[in-house]
Amino acid sequence: MLPLDSRVQRQWRIEAAGFSAFAAIVLLGAAALLPFGIAVRVGIAVALIIVGAAALQYLVGLRYRYWRYGLAEDVLILQRGVWTRRRSMTPYFRVQNVDITQGPLERWLGLKRLTIRTASAFTDASIPGLDKTDAENLRVRILERAGQDAAV
Amino acid sequence: MSGFSSAPAKMLPSDAPPPPVPAPPQPVDWQRLHPASPFLNAIIIASRAWPVFLVALINGGSPLVIAALLLLAASVMLALAFVRYLRFDYRLEGTTLVVRSGVFVRTTRTIPADRVQQVTRNEKLRHRLLGVAEVLVEVAGAGTEPDVSLSVVAQHEAERIRVRLHDARRAVGAAPPAPDRIAFEQPNDALLRWAAISSPLFMLPAAGAVIGALGDAVDIERAWGWLPDGSQLWFISVAGLLGLAGATAINVIRFYELRLVQTDDNLRLEYGLLTHRRLELPTDRVQAIVTKRSPAGRLSRTVGLTAHNASSGGDATNSYLPAVPLTEQPSLIGLLFPNVDISASIEGHPRPALRRSVFRWTRPVVLIVGIVWIALRTSWVPLLFLWLLPAGALGIRAWRVLGHGENDDVVLARRGAITDQTVAVRKDRVQSASVYANWFQRRLSLATMQIEVAQPLGRVVVRDMDATEAVVLATTLAEQARSERPGDQPNKHQEQQDPLEAGDLAPGDHGGGSQDHRGEHPPDSHSVEIGE
């Protein structure tokens with residue numbers, strides 16, 4: 001079982017920071033409605049923002065530490081999750097297509113996301129934070145094993 | 001993505017002689033739909049716009065202007081429908097359906113018969129008046145490919161398309177088709193009983209009792225004051241009876257004369273009084289059967305059966321048999337799932353799952369009543385916590401029903417509190433499998449298994465299994481999905497393979513490590529270095 005590329009943490013941290021900034025604006029706006037003095041209101045909002053942002057940043061580390069993927073003989077295994085831990089197994093020969101996507105942050109960091117699709121919409125086989133060459137190699141390896149059988 | 005159209009060869013035995021080709025692919029003329037189609041389609045679209053005109057009328061628009069607008073809209077719709085009709089044609093090239101459509105952007109869809117999941121023929125009342133039918137061709141895939149709808153063609157043409165697409169599915173060179181045979185006919189009494197009991201208005205007396213109990217809160221006098229004295233009870237009874245009869249009639253009309261016809265190698269489901277439906281049900285494509293026992297079903301001694309195949313997401317209730325008498329259930333499942341053994345004993349789930357089940361059912365009561373209490377602060381509100389008793393009872397029953405089982409062919413998953421539902425999934429139709437467990441579940445050594453199958457069923461969830469068992473079963477399912485027929489397991493050796501550190505989801509299994517999920521050490525810290 002392999003970990004993700006450690007650079008993905010930077011991607012997640014930036015995403016978390018962006019979310020925190022958005023939440024901060026909402027919280028400051030909501031604080032204006034509280035029936036306290038201005039100092040108390042801002043104090044509460046700032047405290048919540050700091051705690052929330054710190055918690056999100058801490059979660060990034062945890063999330064990374066629990067992310068594993070591996071190619072077994074017949075199945076692709078993904079394991080992840082901090083609160084809800086999840087392990088999914090997707091047989092290669094059920095693969096209908098393999099998508100590789102790259103957002104702007106990922107492009108900057110040199111990462112790619114690989115997603116496998118089967119005939120079920122509930123198949124959850126998407127690996128974020130792969131080094132871009134790793135992602136291409138993985139795609140080739142998966143498609144090699146996917147073989148020639150009809151998947152449905 | 002029709003990337004898998006290499007499949008037709010699979011249907012023939014490899015050493016079979018070259019197919020005698022019953023219908024050689026000769027150039028055929030492109031065919032248009034029935035000339036009535038633009039009119040039918042325009043009427044349907046126009047009929048959806050009536051609220052606009054109603055609103056205009058209410059707001060004081062002049063009836064003449066509105067009528068003119070209506071006429072204009074109708075003629076535009078008709079013109080559009082007519083253009084679309086002119087730009088839509090199809091032909092059968094051998095057993096391949098080719099459809100060209102699109103007014104500006106032309107699309108040509110080629111559908112080889114072996115990619116067809118299901119052919120549905122709908123005859124709504126308006127279709128039957130005109131002697132036409134709507135043909136719906138469902139194509140395999142994960143919702144990426146839409147169904148092809150031929151709306152509408154003449155009835156004999158619908159039959160020709162159905163036969164052609166269907167014949168191709170039969171192994172070429174097989175014996176001539178056996179005559180059709182009615183395999184199951186919905187008994188009228190069972191349908192009527194089920195329809196009457198399952199109509200929501202059956203709950204009317206219960207609702208009346210609740211209202212009566214809350215008598216003080218609801219001002220009945222005001223609600224019924226406009227009726228002459230003494231007639232209120234009559235009014236309620238008659239209205240209730242009429243409603244009951246109406247709801248029953250709707251159910252009966254919808255599933256009227258439902259029957260399963262065994263054709264040569266297929267099943268065909270037919271039903272409906274006003275809208276008559278005919279569905280080809282290729283039984284080799286059925287991936288799961290869902291059996292439902294509702295309170296109504298229990299009272300009428302029937303079960304509801306749904307056969308799920310892999311289609312691009314048409315109406316999943318299409319292959320639904322609502323009221324199968326209990327006595328007929330085994331033989332029907334045998335028909336829908338030929339050569340599939342579904343006899344497996346269903347085992348209940350571990351005792352800790354009971355706690356979660358009761359909690360799941362009582363939690364909403366606690367939440368809602370709690371909020372109401374905080375909001376109203378009235379003294380009688382805590383009495384509402386009595387709802388915890390039935391909720392808890394349902395939670396206990398849900399745990400008793402909860403269970404799963406397996407044999408070589410299928411996995412069975414049973415759940416439900418009020419309506420029990422058992423799903424039988426063919427193991428060789430499993431697309432992927434996963435296991436998940438949240439912190440609470442891990443503390444109790446429980447896990448939820450999810451079996452992913454092709455759309456539209458999508459997935460089957462087995463809640464709160466023993467964690468180790470869940471991981472082992474999910475792994476086996478994913479690894480054995482390959483075997484072409486259930487029962488033969490070419491990859492026996494894989495069971496000896498490392499069960500993928502099954503303990504990760506079952507902390508109870510590696511030595512009382514129920515405190516190990518705080519992030520101090522990751523799932524397999526021995527194999528990788530962390531935090532460099």
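A nonpolar surface patch of about 620 Å² is formed in chain B by B:Leu125, B:Leu129, B:Leu130, B:Ile253, B:Tyr256, B:Leu273 and B:Leu274. This is a predicted model, in which local features need pLDDT of at least 70 and side-chain atom pairs count only at pLDDT 80 or more, while totals for chains, interfaces and linings use all residues. Residues are numbered from 1 along each chain as its sequence is written, chains are lettered from A and ligands numbered from 1 in the order in which they are written, and side-chain values use heavy atoms, with hydrogens and water left out.

**Nonpolar patch**

- Patch residues have over 30% relative accessible area and no salt bridge, with nonpolar side chains (Val, Leu, Ile, Met, Phe, Trp, Tyr) joined within 5 Å and like charges within 9 Å; a salt bridge is a side-chain nitrogen of Lys or Arg within 4 Å of a carboxyl oxygen of Asp or Glu.
- Accessible areas come from the Shrake-Rupley method with a 1.4 Å probe, and for residues only the protein chains shown count as cover.
- Helix α4 (residues 125–130) of chain B gives the most to the patch, with three residues; helices (H or I, at least four residues) and strands (E, at least two) are DSSP runs numbered from the N terminus.
- B:Leu274, in the loop between β9 (267–271) and β10 (276–281) of chain B, counts as partly exposed at 41% relative accessibility; buried means under 20% relative accessible area, exposed over 50%, and partly exposed in between (1.4 Å probe, protein chains only).

**Aromatic rings**

- Over all chains, the whole structure holds eight aromatic pairs; rings of Phe, Tyr and Trp (its six-membered ring) pair if their centres lie within 6.5 Å, and planes under 30 degrees apart count as stacked, over 60 as edge-to-face and the rest as tilted.
- B:Trp194 and B:Phe255 have ring centres 6.0 Å apart and planes at 75°, so they pair edge-to-face.
- This pair links distant parts of the chain, 61 residues apart: B:Trp194 is in helix α6 (residues 188–198) of chain B, and B:Phe255 is in the loop between α9 (232–254) and β8 (259–262) of chain B.
- B:Trp439 is partly exposed at 24% relative accessibility, and B:Phe440 is partly exposed at 40%.

**Charges over rings**

- A:Arg86 lies over the face of B:Tyr436, 4.3 Å from the ring centre; the criterion is NZ of Lys or CZ of Arg within 6 Å of the ring centre and within 35 degrees of the ring normal.
- B:Arg100 lies over the face of B:Trp30, at 3.8 Å from the ring centre.

**Helix α15 of chain B**

- The 14 residues of α15 (residues 467–480) of chain B should span 20 Å, which agrees with the 20 Å between the end C-alpha atoms; the expected span is 1.5 Å times one less than the number of residues.
- In α15(B), 10 of the 14 residues are buried, so the helix is largely enclosed by the rest of the structure.
- Among those buried residues are B:Leu473, B:Leu477 and B:Glu479.

**Backbone**

- The peptide bond from B:Ser151 to B:Val152 is cis, with omega near 0°; B:Val152 is in strand β6 (residues 148–154) of chain B.
- B:Glu257, not a glycine, has a positive phi of about 50° and is exposed at 52% relative accessibility.
- B:Asn339 has a positive phi near 60° and is exposed, with a relative accessible area of 66%.
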